[in-house]
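Hi,

Here is the structure I promised to pass on.

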Amino acid sequence: MGLIQTIIVVFGVIAIAYAAAHFKLLDERVGDGLSDFVFVIAAPLLLFRTMVTADFHGTAPWSLWTAYFIGVIVAWAASDLAIKLFFGRDNRAGVVAGVSGAFSNLVFLGMPLMLGVFGQNGFAILSLIVAVHMPVMMAASITLHELAMRRDGVFKGESHWVAVIGSFFNSLLRNPFVLGILAGWIWRLLDLRMPDAADALIETSSGVAGPVALFAMGMGLKKFGISGNIAAALVMSAIKLVLMPAVVLCAAWLIGLPPFTAKIAVVAAALPAGVNSYLIATRFGTGQALASNSMVMATALSALTLTFWVSVATRIFG
């Protein structure tokens, strides 16, 4: 399937789901149920199977992670500074802005997009980013929010850090993505054979992850909507969709990533923020409208910017 056709299909499914929610053809709870299915069952099984069977083409994870997270750091810092300098928000809002400008939607949008444009090999490389993305981003969010609370004078104390660290690791070890990835790596390292029946069962269950994720995402966009903070959300979207992939492209070129791996890193960086940015804002009790608006607007705009970045990355890296 060609690039343009893949983009049309991916965002067409999102649009159909959005319309189904908007015109109340499906109840809002359907979207929630589909999201739970992808998050708890389909995506973890797909990640597990990928870790077990994928040929990573000699990809050096540290080089890939370095290139990608250089982009994360630059985009996060730019978003944090922009929301505080230009919009007068506090340090806690700066953390939410950082998440909105740097936290890519690697699963619900990235997974079907990579499978459609680059195939299973592309998804295998994406899985290496997914393996560390959630833990690193969550740890950074929690740590920076605690520091922001102290700077803003909202919380003072020391013992709270113990509870925060304990809560983080507890959440991490219960995250289905993390469990699927860890189980896959353990299976791979032990060189165990996957029974044919089990492999077929996992392939069937995980094979629907892409389209179901897109449909769930479309319904979710209608649920979150847009309300206020439009200018700030546009700035966060621009940072996420333009600055971050540009930085990752430069980093991948300077580091000398293999061409195919470099393309995956750039496209992953060009993905819009997902629902995690809103969930983090809700958990912190600040910046919910900013996160919601950034997610919805960036997702809509990414239909154009993703086409641009896939084309640029392909032209540069072959």
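Below are my notes on the pocket, the salt bridges, a surface patch and a couple of distances.

Some ground rules first. This is a predicted model, so to speak of local features I kept to pLDDT of at least 70, and side-chain atom pairs count only at pLDDT 80 or more, while totals for chains, interfaces and linings use all residues. Residues are numbered from 1 along each chain as its sequence is written, and side-chain values use heavy atoms, with hydrogens and water left out.

The pocket

The largest pocket holds about 1100 Å³ of space. A pocket here is an open set of points on a 1 Å grid over the protein atoms alone, with protein on both sides within 12 Å along at least five of seven lines, and lining residues have an atom within 4 Å of a point. The volume is the space filled by probe spheres set on the points, which are joined across faces, edges and corners; the probe is 1.4 Å.

There are 44 lining residues, and Ser35, Phe108, Val275, Asn276 and Leu279 lie nearest the centre. Two or more lining residues come from each of helix 2, helix 6 (119-151), helix 7 (160-173), helix 10 (209-224), helix 13 (275-284) and helix 14 (288-317). Helix 10 gives the largest share, 8 residues. Helices are DSSP runs (H or I, at least four residues), numbered from the N terminus. By type, the lining splits into 24 nonpolar, 12 polar and 8 charged residues.

Salt bridges

I get 7 salt bridges, taking a side-chain nitrogen of Lys or Arg within 4 Å of a carboxyl oxygen of Asp or Glu. One of them joins Arg49 and Asp199, at 3.0 Å from N to O. Arg49 is in helix 2 and Asp199 in helix 9 (residues 196-207), so this pair ties together parts 150 residues apart in sequence. Arg49 and Asp199 also belong to a salt-bridge network with Glu203.

Asp80 and Lys84 pair up too, with their closest N and O atoms 2.7 Å apart. Both lie in helix 3 (residues 61-85), 4 residues apart, or about one turn of the helix. Asp80 is buried at 13% relative accessibility, whereas Lys84 is partly exposed at 25%. The cut-offs are under 20% relative accessible area for buried, over 50% for exposed, and partly exposed in between (1.4 Å probe, protein chains only).

Arg92 and Asp90 make another salt bridge, with the closest N and O atoms 3.3 Å apart; Asp90 is partly exposed at 30%.

Surface patch

Phe23, Leu25, Leu26 and Val30 make a nonpolar surface patch of about 400 Å². Patch residues have over 30% relative accessible area and no salt bridge, and nonpolar side chains are joined within 5 Å. Areas come from the Shrake-Rupley method with a 1.4 Å probe. Leu26 sits in the loop between helix 1 (3-22) and helix 2 (28-53), and is partly exposed at 33%.

Two distances

Ile41, in helix 2, is partly exposed at 38%. Its C-alpha is 9.2 Å from that of Phe177, 136 residues away along the chain. Asn91, in helix 4 (residues 91-102), is buried at 16%. Between Asn91 and Leu304 the C-alpha distance is 32 Å, with 213 residues of sequence separation.

Cheers

Conventions: Patches are made of residues with over 30% relative accessible area and no salt bridge: like charges are joined within 9 Å, nonpolar side chains (Val, Leu, Ile, Met, Phe, Trp, Tyr) within 5 Å. Ala, Val, Leu, Ile, Met, Phe, Trp, Tyr, Cys and Pro count as nonpolar, Asp, Glu, Lys and Arg as charged, and the others, Gly among them, as polar.
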